[in-house]
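Biologist: I would like to go through the sheet and the salt bridges of this structure. Please show it, and begin with the terms.

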Amino acid sequence: DEQPPTNQTHTAVATFALSLGSHRAPWRQEAYEVTGSTHTLPSEGFSSAADMIKRRSGKGTCNIKTSAPHLYEKLEENKIVYDIKKGDVIFHDRWLFHRTVTVAEYEKQLMNDLGESLKLERSDKIFRRYSIRYSPGSARVPPGYGVEPSVLYNAANANRTLDEIVESDGPWYPEVWPRLKENDETDNIDGLVDLVHEKMPQAEIARDERKKEIRMALKKGGGP
């Protein structure tokens, strides 16, 4: 005999959603254009903040719901929302479309899925999480105007691969796989000390200046 549903207590938190298969979807190029993905950047790069505002396509991934509702519906149809717990790791392809899910949105979904059997609790705790992007050493840093720290510190790093930058200018992009040999690990640690205390602070100052320039260009609408 079927047993009546047992009440479930659940603490809803802000979580994470992935649109499964979106990195291989036939409409992905249209989505890249709409959002202004790095796939659409000019091969020569941008010359200035004003040039970036004028020529960069799209309105950002966060605005796809209004800029391309038909694509947003496709993304939502294939999404999976994760019930994240302490210690969980979500490992996914960089080009899978993904987004955060607010506490209120997740509560609504849980109510729809579990109905009367669900008992929701609110937590005063702040659940912190962070994301890391892994890239192959063959990935190339775009040329031209931008906010990449390694290029702001040393303009010669533009249009180089990550491996080339590490070889010539230190561990801006530390290797994590395969495991380094013992001598390489020592060299890498020494380089990281210099990176953290010398190079990165200078790059961060330059990046703040670039961001100010970009904000000013946005206000002007990309004009000179």
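Modeller: Buried means under 20% relative accessible area, exposed over 50%, and partly exposed in between, with a 1.4 Å probe and protein chains only. This is a predicted model, in which local features need pLDDT of at least 70 and side-chain atom pairs pLDDT 80 or more, while totals for chains, interfaces and linings use all residues. Residues are numbered from 1 along each chain as its sequence is written, and side-chain values use heavy atoms, without hydrogens and water.

Biologist: Is Arg 55 buried, partly exposed or exposed?

Modeller: Arg 55 meets Glu 44 in a salt bridge at 3.0 Å, N to O (a side-chain nitrogen of Lys or Arg within 4 Å of a carboxyl oxygen of Asp or Glu). The relative accessibility of Arg 55 is 40%, so Arg 55 counts as partly exposed.

Biologist: What is the strand order of the open sheet?

Modeller: Two strands pair if DSSP finds at least two bridges between them. Strand β2 (residues 15-19) pairs with β4 over 4 bridges, and the edge strands are β3 (79-82) and β4 (98-101). The pairing is antiparallel, and the order is β3-β2-β4.

Methods. Helix = DSSP H or I, 4+ residues; strand = E, 2+ residues; numbered from the N terminus.
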